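Colleague: I'd like to learn how to read a structure like this one. Could you walk me through it, feature by feature?

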Amino acid sequence: MRTADIRRRFLDFFAARDHTVVPSAPLPTPDATLLFVNAGMVPFKPYLTGEAPAPWARATSVQKCVRTLDIEEVGRTTRHGSFFQMNGNFSFGDYFKEEAIAFAWELSTTPVTGGGYGLDPNRIWVTVHHSDDEARALWRRVAGLPDERIVARGDEDNFWSMGVPGPCGPCSELYYDRGPQLGRAGGPAVDEDRYMEFWNLVFMQYERGEGPGKSGYPVLGELPRRNIDTGMGLERMATLLQGAANLYETDEVRPVLERAAALAGVRYGTGAEDDVRLRVVADHVRTALMLLADGTAPGNEGRGYVLRRILRRSVRAMRRLGYGDPALVDLLAVARDSMAPGYPEVADGFERIADRAAGEEEAFGATLRQGTTVLDAAVARVKGSGGRRLPGAEAFLLHDTYGFPVDLTLEMAAEQGVEVDREGFAALMREQRERARADARARKAGGTGTTALRPVLDAHGPTDWLAWSALTTDARILALLGPAGPLAAAREGEIVTAVLDRTPFYAESGGQESDAGTLSGTSAEAEVLDVQRPLPGLVTHQVRIRAGELAVGDTVRAAVDPEWRLGARQAHSGTHVLHAALRQVLGPTALQSGSSNRPGHLRLDFPWRGALSDAVRGDIEEAANRALRRDLPVAVRWMTLPEAKELGALALFEETYGEKVRVVEIGGAWSRELCGGTHVEHASQIGTVALTAESSVGAGMRRLEAAVGIEGFGYLARERDLVARVAEQLQAPRAELPDRIAALLERLKAADRENQRLRRRETAARAERLAAGAVDAGGVLVVTAATDEGAAGARELAAAVRDALPARRPGVVAVGAATGDRAVLATAVTGAARGLGLDASALVKRLLDGRGGGSAEAAQGGGLAAGRLESVLASVPDEVARARTARG
């Protein structure tokens with residue numbers, strides 16, 4: 001029975017028994033204690049705990065789940081998977097133990113022709129909590145199970161709670177005997193490989209108090225309303241019904257595993273380390289597919305880092321299988337075809353999924369190449385000094401400078417027999433995070449900590465914020481704070497944080513910079529430098545006193561610079577226009593992932609692989625300016641978040657929204673986004689949108705920058721003047737400039753090609769001379785030389801000399817190149833030398849004390865003091881002779 005059919009039968013069974021079918025919640029969860037949904041009950045948690053009334057008395061779902069706590073065990077055992085699906089049926093104060101047990105038994109044992117799973121009832125065992133006589137009696141009466149197949153177990157196995165005060169209760173688990181070939185007889189207490197758990201029934205009937213772990217806490221009494229929460233592992237049931245050995249061999253997972261094996265040219269099932277790597281790939285690719293489909297993007301924090309780690313572990317496993325080409329898109333397509341019957345969204349959004357994954361794989365390839373070289377050198381130094389522990393500072397350098405994930409450092413170091421100082425690494429990470437937090441706190445509070453601001457908010461309440469409706473207002477100074485704390489007054493030249501009872505100033509948020517302006521009193525004038533919201537509801541102003549004195553309690557005139565606000569409105573509305581134009585030209589996957597705007601300028605980040613062509617950039621710019629020419633109206637509407645989503649308004653995934661959201665429309669549905677910024681009233685007021693730059697800002701992420709308003713016209717004027725100067729210098733009409741410049745470039749390229757040809761001829765001639773002067777070292781022709789053309793020149797000359805040596809004679813070449821006080825060494829060996837066991841990579845490592853690497857045919861190393869190059873080259877014949885003697 002295919003997994004999709006198992007899923008359908010489960011939902012159909014419970015729907016026929018008055019359960020509301022609830023769709024799977026997205027994997028990213030709003031629960032602040034979790035990154036992803038990790039159990040079937042998570043979306044129902046408010047109803048099970050009593051935080052909110054349940055919309056239904058009975059419900060059923062098949063919930064997507066991700067757990068990465070045991071990610072290191074994935075693939076090493078056949079029981080662990082980072083993605084799984086949990087079939088569940090739930091009762092919110094409706095039925096209880098008897099019905100839950102009856103439902104589980106009926107669905108499990110009803111023949112397939114009757115809509116059940118057809119499990120042999122004589123092979124089902126159950127466990128109950130040792131105190132739950134009621135459940136034991138029900139299993140005897142409802143299912144007819146004999147006592148020997150009802151196993152009593154303790155709190156660790158059969159008593160459930162969330163780990164905090166709240167609902168708890170005994171549970172009962174169903175196991176299936178897979179046969180004596182898989183282990184010992186005697187039930188799940190004896191062998192949980194032979195006896196596989198497939199369903200857990202949780203009877204929530206008590207309330208627990210404070211206490212540690214899974215046991216030792218007090219049970220305070222009965223809940224006012226008893227609930228049922230069950231979980232059937234879909235992959236486990238598929239394992240049973242498909243006769244598979246484990247979850248990796250079921251129909252939704254095995255195709256990815258087999259495709260990975262085919263790409264790598266290996267066979268699954270040998271029991272070797274390759275099996276582990278194939279299982280890692282199969283699990284992680286499916287997990288990545290589901291996370292990407294639900295909107296998670298690779299990143300360096302939180303959910304994004306989990307996804308990035310999963311993708312990179314997949315790539316690394318494929319490389320360790322011997323496959324170095326890009327593989328993720330190919331493997332994700334196989335996973336898509338397996339999962340689409342249950343989750344159509346993975347097919348609908350596959351273009352976006354593939355782009356994100358391909359960009360991540362491309363970026364990781366560069367990281368892996370650079371980081372591996374640095375790590376290998378660090379490991380060699382540790383081993384060279386007789387150590388077996390890589391300092392935490394080395395791991396931190398790899399992470400911070402080269403973007404090399406620490407889990408990969410741990411893994412690759414272990415492969416070379418070296419452990420990593422995790423404590424030292426963690427300490428350096430803590431220091432870096434604390435510095436970042438301190439910097440962020442200082443910026444957001446104008447140098448004032450939020451601790452000093454909390455009493456102001458508690459005493460006076462939220463700031464009356466007027467930025468959407470006013471440019472000026474009279475206000476009272478509620479507090480002044482300096483670096484050392486609260487102040488009664490501030491004098492000329494001081495920079496302080498001012499809290500007002502009301503303000504027209506826009507506080508930095510949503511990518512829009514804060515307003516500029518002034519605070520004016522009867523005897524003081526202050527310039528507003530920055531405006532922030534360090535606490536929800538509280539607006540602070542960083543101000544410089546230009547004249548006089550500001551004191552707490554003073555009444556001031558708060559005035560936004562109208563030119564600044566106009567420029568800010570043009571830039572923010574211009575960002576919305578550019579976003580809409582971008583999606584119009586590139587399609588709906590080009591969603592804004594970040595933005596910044598200030599008067600006259602904007603930038604917008606979006607996921608896309610590869611640079612945009614000049615033609616595409618022109619199309620985007622034209623679409624934006626056509627919207628300005630049509631003078632599209634700008635409107636603001638307030639509505640609930642579900643209403644906004646139904647309307648098609650775009651929202652940033654990471655943002656937190658309240659009960660009511662502000663929707664900004666430009667031309668109605670042409671641009672409709674959730675936004676709290678300030679905007680123009682008609683698109684024509686933006687003036688112009690002139691693209692100034694397009695660049696990469698990370699794997700699969702591009703950035704557009706533009707000038708708007710008067711700054712946009714200024715940018716275009718400067719471009720016009722530049723073209724005029726170039727035309728004057730080339731003495732050509734402007735229309736002919738592209739052809740004239742192309743001709744000049746072609747002449748330069750032709751000259752460069754001729755230089756390269758002459759250089760290659762010179763290198764070949766020198767190589768012939770050096771080959772003719774080869775010395776014999778133990779029957780091997782050896783050539784050494786130095787060049788002043790850097791590492792590339794050393795590699796080129798070594799290869800040329802190798803090719804000039806007699807084909808039938810074993811030959812070894814070493815060429816050095818010094819740059820400043822450091823030198824590199826390139827080695828190359830002929831085919832005949834490789835046949836004798838001589839290895840270019842091994843040779844360069846011996847000559848350079850473990851530094852360097854490459855292939856058996858050609859290799860390179862660095863870090864050599866320039867003064868030692870001559871002596872190292874002189875030692876090559878002896879090294880070759882020793883290696884030849886050692887090989888016999």
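This is a predicted model: local features need pLDDT of at least 70, side-chain atom pairs count only at pLDDT 80 or more; totals for chains, interfaces and linings use all residues.

Colleague: Is Ala777 buried or exposed?

Modeller: Buried means under 20% relative accessible area, exposed over 50%, and partly exposed in between (1.4 Å probe, protein chains only). Ala777 has a relative accessible area of 5%, so it is buried.

Colleague: And which residues does Ala777 touch?

Modeller: Contact means heavy atoms within 4.5 Å. Not counting residues up to four places away in sequence, Ala777 touches Val782, Pro877, Val880 and Ala881. Look at Pro877: its C-alpha atom is 5.5 Å from that of Ala777, though the two are 100 residues apart along the chain.

Colleague: How does Arg740 count by accessibility?

Modeller: Arg740, in helix H21 (residues 737-772), counts as partly exposed because its relative accessibility is 32%. Leaving out residues up to four places away in sequence, Arg740 touches Leu730, Gln731 and Ala732.

Colleague: Now a whole helix. How many residues of H6 are buried?

Modeller: Six of the eight residues of H6 (residues 234-241) are buried, so this helix is largely enclosed by the rest of the structure. The buried ones are Leu234, Glu235, Met237, Ala238, Thr239 and Leu240. Just after H6, Gly243 takes a positive phi of about 65 degrees.

Colleague: On to strands. In which sense do S31 and S32 pair?

Modeller: Two strands pair if DSSP finds at least two bridges between them. S31 (residues 811-819) and S32 pair in the antiparallel sense, over eight bridges. They form a hairpin with two residues between them, and Gly820 in the turn has a positive phi of about 65 degrees. S32 also pairs with strand S34 (residues 858-865), again in the antiparallel sense, over six bridges. There, Ala826 stands opposite Gln860 in S34. Seven of the eight residues of S32 (residues 822-829) are buried, so S32 is largely enclosed by the rest of the structure.

Colleague: Which way do S4 and S5 run, parallel or antiparallel?

Modeller: Parallel: four bridges join S4 (residues 124-129) to S5 (residues 150-153). The chain crosses from S4 through helix H4 (residues 133-143) to S5, and this β-α-β crossover is right-handed. To check the hand, point the strands away from you: the path from the first strand over the helix to the second runs clockwise if the crossover is right-handed.

Colleague: How many residues does the largest nonpolar core have?

Modeller: A nonpolar core is a set of buried Ala, Val, Leu, Ile, Met, Phe, Trp, Tyr and Cys residues joined through side-chain atoms within 4.5 Å. The largest one has 108 residues, and Trp139 is one of those with the most contacts inside it. A second, separate core of 30 residues includes Ala590, Trp608, Leu632 and Val708.

Colleague: What about ring pairs: how many aromatic pairs does the structure hold?

Modeller: It holds 21 aromatic pairs. Rings of Phe, Tyr and Trp (its six-membered ring) pair if their centres lie within 6.5 Å; planes under 30 degrees apart count as stacked, over 60 as edge-to-face and the rest as tilted. Phe13 and Phe103 are 6.3 Å apart centre to centre with 85 degrees between the planes, an edge-to-face pair. This pair links distant parts of the chain, with Phe13 in helix H1 (residues 3-15) and Phe103 in helix H3 (residues 97-109).

Colleague: Which charged residue lies over the face of Phe13?

Modeller: A charge sits over a ring if NZ of Lys or CZ of Arg is within 6 Å of the ring centre and within 35 degrees of the ring normal. Here Arg17 lies over the face of Phe13, 3.7 Å from the ring centre.

Definitions and conventions
Residues are numbered from 1 along each chain as its sequence is written. Side-chain values use heavy atoms; hydrogens and water are left out.
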